[in-house]
Amino acid sequence: MAEPSTFLLRSQPRARWMRFDTAQLLKRFFFCERTVLVSAAAWIPSIASLDGKIGIARCIWQSAETAHALRERVFELRFPSRLLEEEGTDAALIDLFTAARNSPSVPAFLLCNAVVLLPALRDAYQQYLDSSDSIADGPTHRFLSLAFSEKHEQVALFTKWAEDTLAGSPGDRKEAEAWTRAIASRLAAIGGVGVGPSSAGECSPIVGAKPYSIPDHPARDERFWPCRFYWPDIVDRDFPYGEGLSLQIRSAISHVNEVWAIEAGGVMLSAFADVLPWEWIHDAARWTYDESRHCRMGYERLMSWGFDLAEIPLGTYIYESASGQDPIYRLGMLYFFETKNIRHKLTRAQLFHSYGDSLSEHDMDFDWADETIHATYGNRWLRALHELNAEKYPPADKVREKCELLVTRMIASASPAEKSALIARASSMIQRANELARA
Ligand SMILES: [Fe+2]
Ligand SMILES: [Fe+2]
């Protein structure tokens, strides 16, 4: 018979995890989110579907917000701060999450996220919310509940994108499924994400892995009109930017063609993820997401006016201008070519107001607010890179010069056939716009 206690002792589920255990788990989640988002950012240029590119940019931003909140919370819990810079006992788990970046194909990358990595995080959040103390750890409960619901949504989206991609390339299914099974069994072998103790695992490469490299050419959604330069004024100074109805179209075309900016954002985020501090990833994720919203603004306007996707030019030239260069020129392109039009945006918003086109006015106005944030990001991180390694990373003005040179060279490569096809496409779009306006 047990000795009667002299203390007040009851079973206390609230006390299951002490402060240190809690911080340990949140730190694990931070690294998982960070790794998932860095890989997804790197894959954006390879994803053809415009919905997929836009959607992944949003998922990246959600993950970055969750990771940021996790990181802040770990600091609040006063986990030894230096340890937040490394994975520690979760190294095997984070290595496995990192391996997804070396997926053998787009469908394999999407499928292993849809079936293994994102569900593992979603389930770990559920377990954490069920098992932790909502009184002592209330601040975590608030943001992790949101992260849990976002993970649900992300699993559904990645599943859809994976299936859509596989429908277009059924030959890739066997490889994608074998890759996903390999990731799943490795994850099971190290005990999953979960809320249990960390476990060690093997670091050998996963069979079927293909080392990731930044694609020179971005994949494009085949439903659109494919081109390098998306409007004649880019390659022909005599073609007017336009006003009135032409300006409405030109502005929407510019917006949807910010698809290059989503890709540049994703590439630069991942390229400097291990070079710059966490705040870089946090800023770059927001930047990439913002560009995806600008792209979608243009897409939605063109759809609301009644255009068909096949009429809409979707170009590649700014992305391709930076191919083969150091990723700092992706950051340079995004910074200089996106912010150089800030001064026109408010004027154009006013013009759209005078036409009674409230949607173009609204989109331009919100875009302007985002661009002013991006100008700060560009300044901050170009300077940070230069300060980090002045030999490797030139100062901002040199980066700008080279970006301009690269784009000028690309524009000079436009062939007469390319120019005339573009003029024909733009002219017929403007003509269609006239018909649509009258209708
Ligand atoms: Fe933008
Ligand atoms: Fe921007």
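Which helices each supply at least two residues of the lining of the second largest cavity? They are H1 (19-43), H2 (50-76) and H5 (138-168). The model is predicted: local features need pLDDT of at least 70 and side-chain atom pairs pLDDT 80 or more, while totals for chains, interfaces and linings use all residues. Residues are numbered from 1 along each chain as its sequence is written, chains are lettered from A and ligands numbered from 1 in written order, and side-chain values use heavy atoms, without hydrogens or water.

**View 1. The second largest cavity, with H1, H2 and H5 in its lining.** Helices (H or I, at least four residues) and strands (E, at least two) are DSSP runs numbered from the N terminus. The second largest cavity holds about 40 Å³ of space. A cavity is a set of points on a 1 Å grid over the protein atoms alone where a 1.4 Å probe fits but cannot get out; lining residues have an atom within 4 Å of a point. Volume is the space filled by probe spheres on points joined across faces, edges and corners. Val36, Leu37, Ala40, Cys59, Ile60, Ser63, Leu118, Gln154 and Phe158 form the lining. By class, the lining of the second largest cavity has seven nonpolar, two polar and no charged residues. (Nonpolar: Ala, Val, Leu, Ile, Met, Phe, Trp, Tyr, Cys, Pro; charged: Asp, Glu, Lys, Arg; polar: the others, Gly among them.)

**View 2. The largest cavity, about 50 Å³ in volume.** The model has two cavities of 30 Å³ or more. Around the largest cavity sit Arg28, Thr89, Asp90, Leu93, Ile190, Gly192, Pro197, Ser198 and Ser199. Its lining splits into three nonpolar, four polar and two charged residues.

**View 3. The packing of H1 on H2, with axes 8 Å apart.** The angle is about 155 degrees. (Axes are lines fitted to C-alpha atoms, for helices over the stretch in contact; angles run from 0 to 180 degrees between N-to-C directions.) H1 and H2 are therefore roughly antiparallel. (Under 35 degrees is roughly parallel, over 145 roughly antiparallel, 65 to 115 roughly perpendicular, the rest oblique.) The crossing is left-handed. (The near helix is turned anticlockwise from the far one by less than a right angle; right-handed if clockwise.) Among the H1 residues that meet H2 are Phe29, Phe30, Glu33, Val36 and Leu37. H2 residues in this contact (heavy atoms within 4.5 Å) include Ile56, Ile60, Ser63, Leu70 and Arg71. The contact of H1 with H2 has 14 nonpolar, two polar and four charged residues.

**View 4. H8 (245-256) against H13 (342-355).** The two axes come within 11 Å and cross at roughly 130 degrees. That makes H8 oblique to H13. The crossing is left-handed. From H8, Leu247, Gln248 and Ser251 take part; from H13, Arg348, Leu351, Phe352 and Tyr355. By class, this contact has four nonpolar, two polar and one charged residues.

**View 5. H9 (259-271) against H12.** Their axes come within 8 Å and cross at roughly 140 degrees. H9 passes H12 in a left-handed crossing. Trp260, Ala261, Ala264, Gly265, Val267 and Met268 of H9 meet Arg330, Leu331, Met333, Leu334, Phe337 and Glu338 of H12. Nine of these residues are nonpolar, one is polar and two are charged.

**View 6. The largest pocket, with about 750 Å³ of space.** Of its 30 lining residues, the closest to the centre are Tyr230, Arg250, Tyr317, Lys340 and Asn341. (A pocket is an open set of grid points with protein on both sides within 12 Å along at least five of seven lines.) H7 (232-235), H8, H11 (317-321), H12 (328-339), H13, H14 (358-388) and H15 (396-412) each supply at least two lining residues. The lining of the largest pocket has 11 nonpolar, seven polar and 12 charged residues.
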